[in-house]
Amino acid sequence: MQEVYHQDFIKQKEAIKNSILNFDKDGNEFINGKRNKIKLFVLDKITVNVKSFKVPNLINQIVYAYFRPSKARRSYEFANILLEKGILTPQPIAYIENFTIFGLEKSYYISEHLNCDLTYRELVENPDFPDHENILRQFTKFSYDLHEKGVEFLDHSPGNTLIVKKSESKYDFYLVDLNRMKFHNQLDFHSRMKNLSKITPKKEMVAVMSNEYARLSGLNEQKVFATMWQLTQEFQYRFYRKKKIKRVLKFWKKR
């Protein structure tokens, strides 16, 4: 077992380790996905979020053991980098990896649990959400700041930004699901626009985001909108084509 703990949580390491050892029978289930599972545990006076990653296939077990950091390790390390850059994410606490003779088996990322008011997904699904445009513009400012700091969040999708209301008109944005991320000295224009292409399929939201991004960056608004909307359409086409192919394959398997 490989264990790495944040310096602020060294004293709680045994309690954290016990939550992993008893993960299957203890804790409150938060998310039970096809690939990963998240449970909540109480650690002293705080609630911690324990993400259990699916056991990799045999090839990836070897890859994660010898050639590439595991998803749990990347999540922990990337969280610390984000905080160093002044970008909000739930406080990283630890990561733990279990190995067998074949390579990496189970791995866990532990962070402080954040109770948010909404995610970006609510803005997509409910155009009448209170203070919709103001939140959308502040989210665009948050994304622009990410880009200015050289952060390319490869899973910049609707459910991976948690939004906390700080005052009547001010919001904080926290990134989660951190294992796919790249850091650059500078992000070019196309990479910036592509990074926002998974956020929403709605043209009216892209228009607002383009307006705000152009205002912040000094770029031409028509160019920003045209590029962002084109890349959004291309992503949506690939996304639904992939889903269609999966449905066809499932149909033939059932036969």
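Visitor: At roughly what angle do the axes of helix α5 and helix α7 cross?
Guide: In this predicted model, helix α5 covers residues 132-148 and helix α7 covers residues 203-217. Their axes come within 9 Å of each other. The angle at which they cross is roughly 50 degrees.

Visitor: Which term describes how α5 and α7 lie to each other?
Guide: The axes of the two helices cross at roughly 50 degrees. Angles under 35 degrees count as roughly parallel, and those from 65 to 115 as roughly perpendicular. The crossing of α5 and α7 is right-handed. The two helices are therefore oblique to each other.

Visitor: How many nonpolar, polar and charged residues does the contact of α5 with α7 have?
Guide: From α5, the residues that meet α7 are His132, Glu133, Leu136, Arg137, Phe139, Thr140, Lys141, Tyr144 and His147. On the α7 side, they meet Met205, Val208, Met209, Asn211, Glu212, Tyr213, Leu216 and Ser217. By class, the contact has eight nonpolar, five polar and four charged residues.

Visitor: Is Trp229 buried or exposed?
Guide: Trp229 is placed in helix α8, residues 221-254. With neighbours within four places in sequence left aside, Trp229 is in contact with Pro201, Lys202, Lys203 and Val206. Buried means under 20% relative accessible area. Because its relative accessibility is 15%, Trp229 counts as buried.

Visitor: How far apart in space are Trp229 and Glu3, C-alpha to C-alpha?
Guide: In sequence, Trp229 and Glu3 are 226 residues apart. In space, C-alpha to C-alpha, they are apart by 44 Å.

Visitor: What arc around the axis do the buried residues of helix α1 cover?
Guide: Helix α1 spans residues 13-21, and its buried residues are Ile16, Ser19 and Ile20. They lie on the same side of α1, because the arc they cover around the axis is only 100 degrees.

Visitor: Which strands are included in what covers the buried residues of α1?
Guide: The buried residues in question are Ile16, Ser19 and Ile20. An α-helix has 3.6 residues a turn, so residues three or four places apart point the same way. What covers the buried residues of α1 includes β1 (2-5), β3 (36-43), β4 (46-53), β5 (92-100) and β6 (103-112).

Visitor: Which residues does Thr119 touch, not counting residues up to four places away in sequence?
Guide: Thr119 is found in strand β7, residues 118-119. At 13% relative accessibility, Thr119 counts as buried. Not counting residues up to four places away in sequence, Thr119 touches Pro158, Gly159, Thr161, Leu162 and Ile163.

Visitor: Where is His113, and with which residues is it in contact, leaving aside its neighbours within four places in sequence?
Guide: His113 sits in the loop between β6 and β7. Its relative accessible area is 15%, so His113 is buried. Leaving aside neighbours within four places in sequence, His113 is in contact with Phe30, Leu40, Thr47, Val48 and Asn49.

Visitor: What is phi of Asp44?
Guide: Asp44 belongs to the loop between β3 and β4. Asp44 counts as exposed because its relative accessibility is 58%. Most residues other than glycine have a negative phi. Asp44 has a positive value, near 55 degrees.

Visitor: Is Asp131 buried, partly exposed or exposed?
Guide: Asp131 lies in the loop between α4 (120-125) and α5. Phi of Asp131 is positive, near 65 degrees. Buried means under 20% relative accessible area and exposed means over 50%. With a relative accessible area of 32%, Asp131 is therefore partly exposed.

Terms used. Residues are numbered from 1 along each chain as its sequence is written. This is a predicted model: local features need pLDDT of at least 70, side-chain atom pairs count only at pLDDT 80 or more; totals for chains, interfaces and linings use all residues. Side-chain values use heavy atoms; hydrogens and water are left out. Axes are lines fitted to C-alpha atoms, for helices over the stretch in contact, and angles run from 0 to 180 degrees between N-to-C directions. Angles under 35 degrees count as roughly parallel, over 145 as roughly antiparallel, 65 to 115 as roughly perpendicular and the rest as oblique. A crossing is left-handed if the near helix is turned anticlockwise from the far one by less than a right angle, and right-handed if clockwise. Contact means heavy atoms within 4.5 Å. Ala, Val, Leu, Ile, Met, Phe, Trp, Tyr, Cys and Pro count as nonpolar, Asp, Glu, Lys and Arg as charged, and the others, Gly among them, as polar. Buried means under 20% relative accessible area, exposed over 50%, partly exposed in between (1.4 Å probe, protein chains only). The arc is that of the directions from the helix axis to the C-beta atoms.
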